[in-house]
Amino acid sequence: MRIPITNTKKRLTVIWFSGSGILFALLLLQTIFGKYGTEAKDAWGLMLPTFMPTLSLIIGTLVADTTAAKDDKEIATVDRFFFRLSCFLSIAYLLTVILTILLSPFAKLSLLELMKLSNLWLAPFQGLVTASLGAFFVSKK
C-alpha cells in the first residue's frame, strides 16, 4: 500500500529533530555543568556523528523538494512499509543513543568511556537506520 510522501517526510523530520534536540540538550547541559571536564570536545566529537549526518540528509531532502520544479501534477507516494520501518528504526535508534547517556550513572565505566564503547552497537544500528531511510526516500513514485 502506498501513502502520500509529503506528510511522511514531515513525521520523520519531527522524529529526528525531536530526538536530536533532546540529545543535544543533554550534551549541552552536561557540558555546562562540567560532567566532561576537559574532555568536552571528545564527548561532542563522539556524539555529533550519531545524529548530524541524518539531520543533514533530511534538511537536504526538504530543501531539494521545495526547490524542485512542480511540473508533475501527480502526488508522490511511498510504500507504507518503508515509512513504518524508517519510523520504528529511527525512534529505536534515537532512544538507544539517549539511553546510553541517561543510563551512564549506573555503568561501571565513565561516561566518556561508555560513549566510546557505544560505537559497538550504535554504528551497526545507524547503518540499518540509514539504509531504511534511503529505501524510504528512493521508493517514491
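## Overall architecture

This is a predicted model, and its protein chain has six helices and two strands. Read from the N terminus, the elements follow the order β-α-α-α-β-α-α-α. Along the principal axes, the C-alpha atoms of the protein chain fill a box of roughly 55 × 25 × 15 Å.

Of the 141 residues in the protein chain, 38% are buried, while the chain exposes about 8,500 Å², with carbon and sulfur atoms supplying 69% of that area. When contacts between residues at least 6 apart in sequence are considered, 87% of them join residues at least 24 apart.

## The nonpolar core

The largest nonpolar core has 34 residues, and the members that touch the most other members are Trp16, Tyr93 and Met115. Two or more residues of this core come from each of helix H1 (5-32), helix H2 (40-47), helix H3 (52-67), H4, H5 and helix H6 (119-138). The largest share, eight residues, is given by H4.

Leaving out residues up to four places away in sequence, Met115 touches Leu27, Tyr36, Ala43, Leu46, Met47 and Ile101.

## Aromatic residues

The count of aromatic pairs comes to five. In the pair of Phe83 and Phe136, the ring centres are 6.0 Å apart and the planes stand at 45°, so the pair is tilted. Because Phe83 lies in helix H4 and Phe136 in helix H6, this pair ties together parts that are 53 residues apart in sequence. Both Phe83 and Phe136 are buried.

One aromatic cluster is formed by Trp16, Tyr93 and Phe125; of these names, Trp16 and Tyr93 were also listed among the core residues that touch the most other members.

Gly19 is placed in helix H1, and its relative accessible area of 8% makes it buried. Apart from neighbours within four places in sequence, Gly19 is in contact with Leu94 and Ile98. The C-alpha atoms of Gly19 and Ser90 are separated by 9.0 Å, although these residues are 71 residues apart along the chain.

Ser118, by contrast in its setting, lies in the loop between H5 and H6. With a relative accessible area of 1%, Ser118 is buried as well. Once residues up to four places away in sequence are set aside, Ser118 touches Met47 and Thr100; Met47 is also one of the residues that Met115 touches.

## A nonpolar patch on the surface

Which residues form a nonpolar patch on the surface? The patch is made up of Ile91, Leu95, Leu99, Leu102, Leu103 and Phe106, which together have about 600 Å² of accessible area.

Phe106, one of the members of this patch, is found in the loop between helix H4 (80-102) and helix H5 (111-117). Its relative accessibility is 71%, so Phe106 counts as exposed, the cut-off for that class being over 50%. Phe83 and Phe136, on the other hand, are aromatic residues that are buried.

Methods: Residues are numbered from 1 along each chain as its sequence is written. This is a predicted model: local features need pLDDT of at least 70, side-chain atom pairs count only at pLDDT 80 or more; totals for chains, interfaces and linings use all residues. Side-chain values use heavy atoms; hydrogens and water are left out. Patches are made of residues with over 30% relative accessible area and no salt bridge: like charges are joined within 9 Å, nonpolar side chains (Val, Leu, Ile, Met, Phe, Trp, Tyr) within 5 Å. Accessible areas come from the Shrake-Rupley method with a 1.4 Å probe; for residues, only the protein chains shown count as cover. A salt bridge is a side-chain nitrogen of Lys or Arg within 4 Å of a carboxyl oxygen of Asp or Glu. Helices (H or I, at least four residues) and strands (E, at least two) are DSSP runs, numbered from the N terminus. Buried means under 20% relative accessible area, exposed over 50%, partly exposed in between (1.4 Å probe, protein chains only). A nonpolar core is a set of buried Ala, Val, Leu, Ile, Met, Phe, Trp, Tyr and Cys residues joined through side-chain atoms within 4.5 Å. Contact means heavy atoms within 4.5 Å. Rings of Phe, Tyr and Trp (its six-membered ring) pair if their centres lie within 6.5 Å; planes under 30 degrees apart count as stacked, over 60 as edge-to-face and the rest as tilted.
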